[in-house]
Amino acid sequence: MDPEKLFDRETNDYLMRKANKEDKVEEDETEANTGQAEENDDKWLRPWVRVPYIGKPLILFSRRLSRVIEERMYTKIRVVFQTTKVKDSFVLKDKCPKEICARVVYMFSCRGDPTTNYIGYTNRTLRERTNEHLRGGTAVSDHIAHCTGCNTERITIDDFRIMRKCRTEFDSTIYEAILIKRLNPKLNRQLVKPGYSHTLRVFN
């Protein structure tokens with residue numbers, strides 16, 4: 001056989017084998033990618049469970065959980081890990097005790113009749129304002145003096161509840177007015193006592 005023809009034939013055979021091999025590889029890759037894409041789509045459509053991430057033990061737990069659910073419920077799930085920050089486990093500022101809270105809007109509730117309330121505000125500590133109500137001269141002290149339920153049990157600071165903590169005196173007055181308007185407490189309606197006269201001045 002002519003050497004030149006032999007060379008051409010061998011070259012063509014080699015190129016054909018290589019082309020067929022490359023086509024087969026491409027087909028395999030396409031099938032693999034299609035299968036992977038379908039698997040990924042199926043993975044994202046699965047029900048998922050969110051658990052806090054605490055390291056390697058949780059990875060083992062997620063695998064066992066997936067296996068148990070698949071065996072018992074015949075369905076696959078996706079476990080999603082949720083990370084946490086160290087600062088979330090610590091409180092930088094202690095909670096202020098109720099007695100020494102200042103600039104607050106508070107509400108007094110009668111022990112004998114929980115629907116009888118009084119709303120006020122103070123820029124001093126709640127303990128100081130409570131003591132003023134107990135000493136007399138306020139709507140709360142007048143109510144306590146004539147209320148059987150309040151006289152039977154001693155009124156304490158526990159009968160005063162903080163409704164709102166404020167930053168300034170102006171905020172306190174605003175929130176006090178809002179809460180009085182919203183809740184319409186009985187004792188705030190009786191601040192004008194019988195027999196007292198008030199002069200209304202009208203300016204042109």
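Exposed, as used here for residues, means a relative accessible area over 50%, and buried means under 20%. The structure is a predicted model.

**Helix 2**

Helix 2 runs over residues 56-73 and has 18 residues. From its first C-alpha to its last it reaches 26 Å, close to the 26 Å expected at 1.5 Å a residue. Three of its residues, L58, S62 and I69, are buried. Around the axis they cover an arc of only 50 degrees, so they sit on the same side of helix 2. The face turned away from this buried side carries K56, P57, R63 and R64, which are exposed. Just after helix 2, Y74 takes a positive phi of about 55 degrees.

**Aromatic pairs**

A pair of aromatic rings is described by the distance of the centres and the angle of the planes. A search of the whole structure gives 3 aromatic pairs. Among them is the pair of Y106 and Y118, with 6.4 Å centre to centre and 45 degrees between the planes, a tilted arrangement. This pair links distant parts of the chain: Y106 belongs to strand 3 (residues 102-109) and Y118 to strand 4 (residues 117-125), 12 residues apart. Y106 is buried, at a relative accessible area of 0%. Y118 also counts as buried, because its relative accessibility of 9% is under the 20% limit.

The rings of F108 and F160 also form a tilted pair, with centres 5.2 Å apart and planes at 45 degrees. F108 lies in strand 3 and F160 in strand 5 (residues 160-165), so this pair ties together parts that are 52 residues apart in sequence. Both phenylalanines, F108 and F160, are buried. Ring pairs join Y106, F108, Y118 and F160 into a cluster.

A further contact with an aromatic ring involves a charged side chain: R164 lies over the face of Y175, at 4.2 Å from the ring centre.

**Cysteines**

How many disulfides does a search of the whole structure find? The search finds 0. A disulfide is a covalent bond between the sulfur atoms of two cysteines. The cut-off applied here is a sulfur separation within 2.5 Å.

| Cysteine | Closest cysteine sulfur | Sulfur distance |
|---|---|---|
| C101 | C96 | 3.6 Å |
| C147 | C110 | 3.5 Å |

C101 is buried, with a relative accessible area of 5%. C147 counts as buried too, at 11% relative accessibility.

**E132 in helix 3**

E132 is found in helix 3, which spans residues 126-135. Is E132 buried or exposed? E132 counts as buried, because its relative accessibility is 18% and the limit for buried is under 20%. Leaving aside residues up to four places away in sequence, E132 touches R124 and T138.

Notes: Residues are numbered from 1 along each chain as its sequence is written. This is a predicted model: local features need pLDDT of at least 70, side-chain atom pairs count only at pLDDT 80 or more; totals for chains, interfaces and linings use all residues. Side-chain values use heavy atoms; hydrogens and water are left out. Rings of Phe, Tyr and Trp (its six-membered ring) pair if their centres lie within 6.5 Å; planes under 30 degrees apart count as stacked, over 60 as edge-to-face and the rest as tilted. Helices (H or I, at least four residues) and strands (E, at least two) are DSSP runs, numbered from the N terminus. Buried means under 20% relative accessible area, exposed over 50%, partly exposed in between (1.4 Å probe, protein chains only). A charge sits over a ring if NZ of Lys or CZ of Arg is within 6 Å of the ring centre and within 35 degrees of the ring normal. The expected span of a helix is 1.5 Å times one less than its number of residues. The arc is that of the directions from the helix axis to the C-beta atoms. Contact means heavy atoms within 4.5 Å.
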